[in-house]
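Here is a short briefing on one protein chain. Look at the sequence and the 3D view first, then work through the points below.

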Amino acid sequence: MQASIPPLVLIFGPFDPSGSSSLPADAVTCAAMGCHALSTLTAILVQDTASTEDVQPIAPELIDDQARCLLEDMTVQAIKVGPLYTTESVSVLAQIAADYTHVPLVLHLGRLPDESLIADIDTEDVQLALFELLLPQTDIVVADHHLLEQWQSQGVFTGADAGTPAQALLQYGAKWVLTSGAPLRPGHGSYLLQGQDNQTANWAWQAPPSRLNDADGPLACAITAQLARGLGVQQAVETALSLLATLGSRSFQPGMGHRLINRSTP
C-alpha cells in the first residue's frame with residue numbers, strides 16, 4: 001500500500017552552511033510541520049554564525065531549470081521565496097509565479113547583503129525588481145516592521161504613496177502583508193496582518209532574544225506549510241503563530257556569533 005503524500009513545499013533560497021536560515025533550515029521547519037520540502041538554490045553563502053563572507057548567486061537559467069523540473073514532476077502545494085540577489089533571478093521567479101498562479105507564494109523579505117559581497121550587483125535594483133515584478137505575484141509578504149521603516153526612510157518605496165511601509169507593499173500588489181514588531185500601543189508590539197481590502201488582524205509579539213539569527217524565518221516557513229495544507233491566509237498565519245509560540249525560547253549558540261533557532265520540533 002502506497003503511503004499518503006505529505007504536502008509539498010518548494011523553497012527558493014540560498015544555501016546557508018551554518019544551518020541557521022534558508023536552506024537547509026527551512027527544510028527542517030517543513031519536516032516539523034509535516035510537509036516535504038523541495039528546494040531550488042538561489043545562491044551559495046560562505047557564512048558562519050557571526051557573519052557572511054561571500055555570496056555566490058546561482059545563474060538564473062539554473063534557478064529556472066531546477067524549479068521547473070520539480071514543478072513539472074510533482075504537484076507543489078505552496079512556494080516560499082527567501083533571499084534573491086540579482087534582478088535576473090527575481091525576473092525568473094516572477095515568471096514562474098505567473099505560470100503557477102494557483103500555487104500560494106510566500107515572500108520573506110530580509111536585509112540584503114552588503115554590495116561588497118556580490119560583484120556587479122546593485123541592491124537598489126534588486127529591491128525595485130522585487131517590488132515591481134514579484135510582489136504582484138505574492139500571496140503574503142513576511143517582514144520585520146523596523147526593517148521596512150528603515151527602507152521607507154531611505155526612500156526605497158519610490159513606486160508607492162502610502163502612510164506605512166506595509167501599505168506600500170500592498171500598493172505594489174502583495175495580497176497580504178504580515179509585519180513583526182509593529183507598534184500596537186506604547187511599549188507593546190504585534191504581528192500585524194493587513195490585506196488588500198483593508199482587513200487587519202494582530203497577535204501579541206515579543207522581541208526575540210538579542211543576536212538571534214533569522215527570527216522570522218521559521219514563521220514564514222510555517223505559514224507556507226499551512227497554506228500547503230489548504231488553509232486561507234488568515235488561518236494559516238494564526239495556526240503558524242500558535243505552533244511557533246515558544247520557538248524563540250528554544251535557541252542555542254553553537255559558535256561565536258548569533259544564536260540559532262532550534263527548528264527541529266514545532
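An axis here is a line fitted to C-alpha atoms, for helices over the stretch in contact, and angles run from 0 to 180 degrees between N-to-C directions. Two packed helices are described by the angle between their axes and the distance between the axes. This is a predicted model. In it, helix 1 (residues 22–32) and helix 7 (residues 217–228) have axes that come within 9 Å and cross at roughly 50°. That makes helix 1 oblique to helix 7.

**Helix 1 against helix 7**

- The crossing of helix 1 past helix 7 is right-handed.
- Which residues of helix 1 meet helix 7? They are Asp26, Thr29 and Cys30.
- On the side of helix 7, the partners are Gly217, Pro218, Cys221 and Ala222.
- By type, the residues of this contact between helix 1 and helix 7 split into 4 nonpolar, 2 polar and 1 charged.

**Helix 7 against helix 8**

- Helix 7 also packs with helix 8 (residues 233–243), at an angle of about 130°. Their axes are 8 Å apart.
- That makes helix 7 oblique to helix 8.
- Helix 7 passes helix 8 in a crossing that is right-handed.
- Helix 7 brings Leu219, Ala222, Ile223, Gln226 and Leu227 to this contact.
- Helix 8 answers with Val233, Ala236, Val237, Thr239, Ala240, Leu241 and Leu243.
- How many residues of the contact of helix 7 with helix 8 are nonpolar, polar and charged? The count is 10 nonpolar, 2 polar and no charged.
- Ala222 of helix 7 meets helix 1, and Ala222 also meets helix 8.

**Backbone features in helix 1**

- Most residues other than glycine have a negative phi, and most peptide bonds are trans.
- Serine 22 is found in helix 1. Its phi is near 50°, a positive value in a residue other than glycine.
- Is serine 22 buried or exposed? Serine 22 has a relative accessible area of 8%. Buried means under 20%, so serine 22 is buried.
- Beyond residues up to four places away in sequence, serine 22 touches Pro14, Pro83 and Asp214.
- Proline 24 is found in helix 1 too. The peptide bond from leucine 23 to proline 24 is cis, with omega near 5°.

**The loop between strand 8 and strand 9**

- Asparagine 198 sits in the loop between strand 8 (188–195) and strand 9 (200–205).
- Phi of asparagine 198 is near 65°, which is positive in a residue other than glycine.
- Asparagine 198 has a relative accessible area of 71%. Exposed means over 50%, so asparagine 198 is exposed.
- Glutamine 199 has its place in the loop between strand 8 and strand 9. Its relative accessibility is 26%, so glutamine 199 counts as partly exposed.
- What does glutamine 199 touch, not counting residues up to four places away in sequence? Its contacts are Trp176, Leu193 and Gln194.
- Glutamine 199 and tryptophan 176 are 23 residues apart along the chain. Their C-alpha atoms are separated by 9.0 Å.

- Aspartate 64 lies in helix 2 (residues 60–73).
- Leaving aside neighbours within four places in sequence, aspartate 64 is in contact with Val92 and Ile96.
- Aspartate 64 and glutamine 253 are 189 residues apart along the chain. Their C-alpha atoms are separated by 36 Å.
- Aspartate 99 lies in helix 3 (residues 87–99).
- At 40% relative accessibility, aspartate 99 counts as partly exposed.
- How far apart in space are aspartate 99 and asparagine 262, C-alpha to C-alpha? They are 35 Å apart in space, and 163 residues apart in sequence.

**Aromatic rings**

- How many aromatic pairs does the structure hold? It holds 3.
- One aromatic cluster is formed by Phe131, Trp151, Phe157 and Tyr172.

Note on methods
Residues numbered from 1 in each chain as written. Predicted model: local features only at pLDDT ≥ 70, side-chain atom pairs only at ≥ 80, totals over all residues. Heavy atoms only, no water. Helix = DSSP H or I, 4+ residues; strand = E, 2+ residues; numbered from the N terminus. Parallel < 35°, antiparallel > 145°, perpendicular 65-115°, else oblique. Left-handed = near helix turned anticlockwise from the far one by under 90°. Contact = heavy atoms within 4.5 Å. Nonpolar A, V, L, I, M, F, W, Y, C, P; charged D, E, K, R; others polar. Phe/Tyr/Trp six-rings, centres within 6.5 Å; stacked < 30°, edge-to-face > 60°. Buried < 20%, exposed > 50% of the residue type's maximum accessible area, 1.4 Å probe, protein only.
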